[in-house]
Amino acid sequence: MTNPIKDQSNIKPVTLPVPIEKDGLKIETLDIQKPNSGNLRGLSLIDVCDMRFEAGEILLPRISSLNERDAINMPIENWAPILTTIASFFVNVEL
């Protein structure tokens with residue numbers, strides 16, 4: 001089975017207020033992929049759009065390079081920009 005090609009237009013970078021370390025690398029910016037219906041499995045869309053921590057904790061490892069342990073150990077200052085970015089995928093803003 002091959003991996004699908006990621007559409008770069010469906011990825012948003014998030015600058016982390018508190019950089020984290022993963023595999024010996026300092027991460028200051030986290031790329032968040034637009035969730036698809038499979039990523040949302042078992043989650044309430046209302047909870048995701050309301051930026052509830054519990055939904056973000058489950059969804060983040062599915063749409064970023066972080067794993068579950070990374071999400072659990074994330075500094076709290078990073079969650080507001082991450083959850084805001086995730087919620088922004090569900091808003092259709094046309095200029």
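## A word to start with

A residue counts as buried when its relative accessible area is under 20%. Asn39 has a relative accessible area of 12%, so Asn39 is buried. The model described here is predicted.

## The overall layout

The protein has four helices and two strands. Along the sequence they follow the pattern β-β-α-α-α-α. Of the 95 residues, 34% count as buried.

The accessible surface comes to about 6,600 Å². Carbon and sulfur atoms hold 52% of that surface.

## The nonpolar core

The largest nonpolar core has 21 residues. Which of them touch the most other members? They are Ile32, Leu60 and Ile82. S1, S2, H2 and H4 each supply at least two residues of this core.

Take Ile82 as an example. Residues up to four places away in sequence are not counted here. Ile82 then touches Val14, Leu16, Leu30, Ile32, Leu60 and Met74. Two of these partners, Ile32 and Leu60, are themselves among the residues with the most core neighbours.

Helix H4 covers residues 79–88. Its buried residues are Trp79, Ile82, Leu83, Thr85, Ile86 and Ala87. An α-helix has 3.6 residues a turn, so residues three or four places apart point the same way. What do the buried residues of H4 pack against? Their partners are strand S1 (11–22), strand S2 (25–33), helix H1 (45–49), H2 and helix H3 (68–72).

Helix H2 covers residues 53–63. Here Ala55, Gly56, Leu59, Leu60, Pro61 and Ile63 are buried. These buried residues pack against S2, H1, H3 and H4.

## Rings and a charge

How many aromatic pairs are there? The count is one. The pair is Phe53 with Trp79, and their ring centres are 4.9 Å apart. The ring planes stand at 80°. Planes over 60 degrees apart count as edge-to-face, so this pair is edge-to-face. Phe53 belongs to H2 and Trp79 to H4, so the pair ties together parts that are 26 residues apart in sequence.

Are the two partners buried or exposed? Trp79 is buried, because its relative accessible area of 6% is under 20%. Phe53 is partly exposed, at 35% relative accessibility. The charged end of Lys12 sits over the ring of Phe89, 4.8 Å from the ring centre.

## Two buried asparagines in loops

Asn78 is in the loop between H3 and H4. Its relative accessibility is 0%, so Asn78 counts as buried. What lies by its side chain? A polar atom of that side chain is 2.8 Å from the backbone oxygen of Val18. Leaving out residues up to four places away in sequence, Asn78 touches Leu16, Pro17, Val18 and Ile20.

Asn39 is in the loop between S2 and H1. A polar atom of the Asn39 side chain lies 2.9 Å from the backbone nitrogen of Asn36. Setting aside neighbours within four places in sequence, Asn39 is in contact with Lys34, Leu59, Arg62 and Ile63. Of these contacts, Leu59 and Ile63 are among the buried residues of H2.

## Two positive phi angles

Where is Asp23 found? Asp23 is in the loop between S1 and S2. Asp23 has a positive phi of about 55°, although it is not a glycine. Exposed means over 50% relative accessible area, and Asp23 has 69%, so Asp23 is exposed.

Met51 lies in the loop between H1 and H2. Its phi is near 60°, a positive value in a residue other than glycine. Met51 has a relative accessible area of 36%, so Met51 counts as partly exposed.

Methods
Residues are numbered from 1 along each chain as its sequence is written. This is a predicted model: local features need pLDDT of at least 70, side-chain atom pairs count only at pLDDT 80 or more; totals for chains, interfaces and linings use all residues. Side-chain values use heavy atoms; hydrogens and water are left out. Rings of Phe, Tyr and Trp (its six-membered ring) pair if their centres lie within 6.5 Å; planes under 30 degrees apart count as stacked, over 60 as edge-to-face and the rest as tilted. Buried means under 20% relative accessible area, exposed over 50%, partly exposed in between (1.4 Å probe, protein chains only). A charge sits over a ring if NZ of Lys or CZ of Arg is within 6 Å of the ring centre and within 35 degrees of the ring normal. Contact means heavy atoms within 4.5 Å. Accessible areas come from the Shrake-Rupley method with a 1.4 Å probe; for residues, only the protein chains shown count as cover. A nonpolar core is a set of buried Ala, Val, Leu, Ile, Met, Phe, Trp, Tyr and Cys residues joined through side-chain atoms within 4.5 Å. A polar contact is a pair of N or O atoms within 3.5 Å; within protein, one must be able to donate a hydrogen and the other to accept it, and residues adjacent in sequence count only if both atoms are side-chain atoms.
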